[in-house]
Amino acid sequence: MSWAMGDGSTVTCAGPGTPYQGSVGMADSPDGGHRYTQTSINEPGERYPLTATSTWTVTWQVTGGGADSGEFTETRTSTVGVRVGEVQVLT
């Protein structure tokens, strides 16, 4: 899965990701997280255009006597607006 975060950053995740656990607080995600550093106030509609792209490669074959087989790749993309209303800087 590839994520275009709308702020110029791209994040690629090879697996399903790690579910959020409150006990980790504000720690960075170990496998695919993103932290916005600017609010989305200056973006069209005050939202970052977040685009997710998934690519699947499928290999298939007929069982039970058939000799047919093949492979194809399918790509799906979806975009949603993400509003970032506040960014806090901690030092």
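Here are a few notes on this predicted model, going from confidence to core to pocket.

1. Confidence first. The protein chain has an average pLDDT of 88, and 97% of the residues come in at 70 or above. Among the elements, strand S4 (residues 69-82) has the highest mean pLDDT, 95, while strand S2 (residues 10-12) has the lowest, 92.

2. Now the core. The largest nonpolar core is made up of seven residues: Met5, Val11, Cys13, Tyr36, Tyr48, Leu50 and Val84. Tyr36 is a handy place to start looking at this group. Setting aside neighbours within four places in sequence, Tyr36 is in contact with Met5, Tyr48, Leu50 and Val84, and also with Asp7 and Val87.

3. Then there's Ser54, which sits in strand S3 (residues 48-61). Is Ser54 buried or exposed? Its relative accessible area is 16%, so Ser54 counts as buried, the cut-off being under 20%. Again leaving out neighbours within four places in sequence, Ser54 is in contact with Met1, Glu74, Thr75 and Arg76.

4. The largest pocket has a volume of about 380 Å³. Of the 15 residues lining that pocket, Tyr20, Met26, Ala27, Asp28 and Ser29 are the closest to its centre. By residue type, the lining of the largest pocket splits into seven polar, six nonpolar and two charged residues.

Terms used: Residues numbered from 1 in each chain as written. Predicted model: local features only at pLDDT ≥ 70, side-chain atom pairs only at ≥ 80, totals over all residues. Heavy atoms only, no water. Helix = DSSP H or I, 4+ residues; strand = E, 2+ residues; numbered from the N terminus. Buried < 20%, exposed > 50% of the residue type's maximum accessible area, 1.4 Å probe, protein only. Contact = heavy atoms within 4.5 Å. pLDDT = per-residue confidence, 0-100. 1 Å grid on protein atoms, 1.4 Å probe; cavity = no way out; pocket = protein on both sides within 12 Å on 5 of 7 lines; lining within 4 Å. Points joined across faces, edges and corners; volume = space filled by probe spheres on them. Nonpolar A, V, L, I, M, F, W, Y, C, P; charged D, E, K, R; others polar. Core = buried A, V, L, I, M, F, W, Y, C linked by side-chain atoms within 4.5 Å.
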